[in-house]
Amino acid sequence: MLGYLARRVGGGLGVLLAVALVVFGLFESLDSDAATVKLSRTGGGDPTPEQLAAVRAELGLDRPAPVRFVEWLTGFVRGDFGTSLISGRPVEEVLLGRVANSATLAAVTVALLIPLAVAFGLLAGARAGSRTDRLISTAALAAESVPPFVFGVLLVATVSLSLRLLPAVSLLPTGASPWSRPEILALPVLCLLIGLSPHPVRLVRAQTAEVMARPHIRTARLNGIRGPGLMLRHVAPNAVSASIQPLAGSVVGLIGGIAVVETLFSYPGLSQEVLRAIEARDFPFVQSAAVLMAAVGIGVYLIADLLTLLVSPKVRHLAVTGESS
């Protein structure tokens, strides 16, 4: 088991290195750098080669690309994310508040997403072919077919502008916590739930319907086990254990979904800062943020793997067998 875990962690570290290399390569392929952007913002026409050379030397951009990447990588491993090329502040200082805001939005969404997806999936799958199943499956398919930002625009138009129940934008004073104004989380969370829940609902429904058709479920029914007892003891554990990875995929999908929602609702999360940093060619900030987001995704899948091993003897046996082979 430890060997399996070591392989998964090693693979995750390899993915993080690949992400860092890809982001660095994309930055190096751009037609401008932070020095060009910085000088263009000061006005005064096109910068001269001498001005560009001076600012590049000041920002450390005059050194060879491999040297700059290795310097960033060694600092990142030690917990030093570098210095923003535009603001001159430590990257972790800029990241801290933004990450906290995005993490709050993600935590609230996940706390609602997983129980709702499991509950609706179990309800539909336990009554496969019924009116309830058709209603839930149709709603999930319809929601999955529409981009999340469309629902966001509709929510703003109806709930905010027409009914005036919730704010249309999720603005916060600098340094304030989202919990100081919880109403600003309502529409972004609802938009994320509508966009992310249909897929896991359909998968849990399919797994539940498959479990319900198995012989041991029919045997349990013949022995008088029905209702909540049947669902909790025999159906739910098998259906949910097979759905852990799809649920993890939905949680990882939050990374992309939150970026859209934060932009749509002007929520002061990480995505807005990343977009500004990309525009400013702020390599240390974008590089660190990209690797951290990739690490979150890898961590979620690793936790899902461990949960699957915990609840599924078959998967645990395969992992151990693969370890010894």
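Biologist: Is Ser160 buried or exposed, and at what relative accessibility?

Modeller: Buried means under 20% relative accessible area, so at 5% Ser160 counts as buried. Keep in mind that this is a predicted model. Ser160 sits in helix α7. Setting aside residues up to four places away in sequence, Ser160 touches Leu155, Leu165, Leu166, Pro167, Ala168 and Leu187.

Biologist: Happy with that. Now the whole protein: how many helices and strands does the secondary structure come to?

Modeller: There are 15 helices and zero strands. The C-alpha atoms fill a box of roughly 85 × 65 × 30 Å along the principal axes. Of the 325 residues, 39% count as buried.

Biologist: And the nonpolar side chains, how should I read those?

Modeller: Here is the general idea: in soluble globular proteins, nonpolar side chains tend to be buried together. In this model, the largest nonpolar core has 26 residues, and Leu105, Leu185, Leu192, Leu254, Ile258 and Phe265 touch the most other members. Two or more residues of this core come from each of α5 (91-126), α7 (148-162), α8 (186-196), α12 (244-264) and α14 (283-311).

Biologist: Which element gives the most to this core?

Modeller: That is α12, with seven residues. For a closer look, take Phe265: leaving aside neighbours within four places in sequence, Phe265 is in contact with Gly152, Val156, Ala168, Val169, Ser170, Leu187, Pro188 and Cys191. There is also a second, separate core of 22 residues, which includes Phe69, Leu95, Ala290 and Ala294.

Biologist: What about contacts across the chain: what share join residues at least 24 apart?

Modeller: Among contacts between residues at least 6 apart in sequence, 72% join residues at least 24 apart. Val99 and Cys191 are 92 residues apart along the chain, and 20 Å separates their C-alpha atoms.

Biologist: Where is Val99, then, and how is its accessibility read?

Modeller: Val99 is in helix α5. With 35% relative accessibility, Val99 counts as partly exposed, because that class covers what falls between under 20% and over 50%.

Biologist: Which residues form a nonpolar patch on the surface?

Modeller: Leu112, Leu116, Phe120 and Leu123 do, with about 310 Å² of accessible area together. Phe120 lies in helix α5 and is partly exposed, with a relative accessible area of 38%.

Key: Residues numbered from 1 in each chain as written. Predicted model: local features only at pLDDT ≥ 70, side-chain atom pairs only at ≥ 80, totals over all residues. Heavy atoms only, no water. Core = buried A, V, L, I, M, F, W, Y, C linked by side-chain atoms within 4.5 Å. Buried < 20%, exposed > 50% of the residue type's maximum accessible area, 1.4 Å probe, protein only. Helix = DSSP H or I, 4+ residues; strand = E, 2+ residues; numbered from the N terminus. Contact = heavy atoms within 4.5 Å. Patch = residues over 30% accessible without salt bridge, like charges linked within 9 Å, V, L, I, M, F, W, Y side chains within 5 Å. Areas by Shrake-Rupley, 256 points an atom, 1.4 Å probe, with all protein chains shown as cover. Salt bridge = Lys/Arg side-chain N within 4 Å of Asp/Glu carboxyl O.
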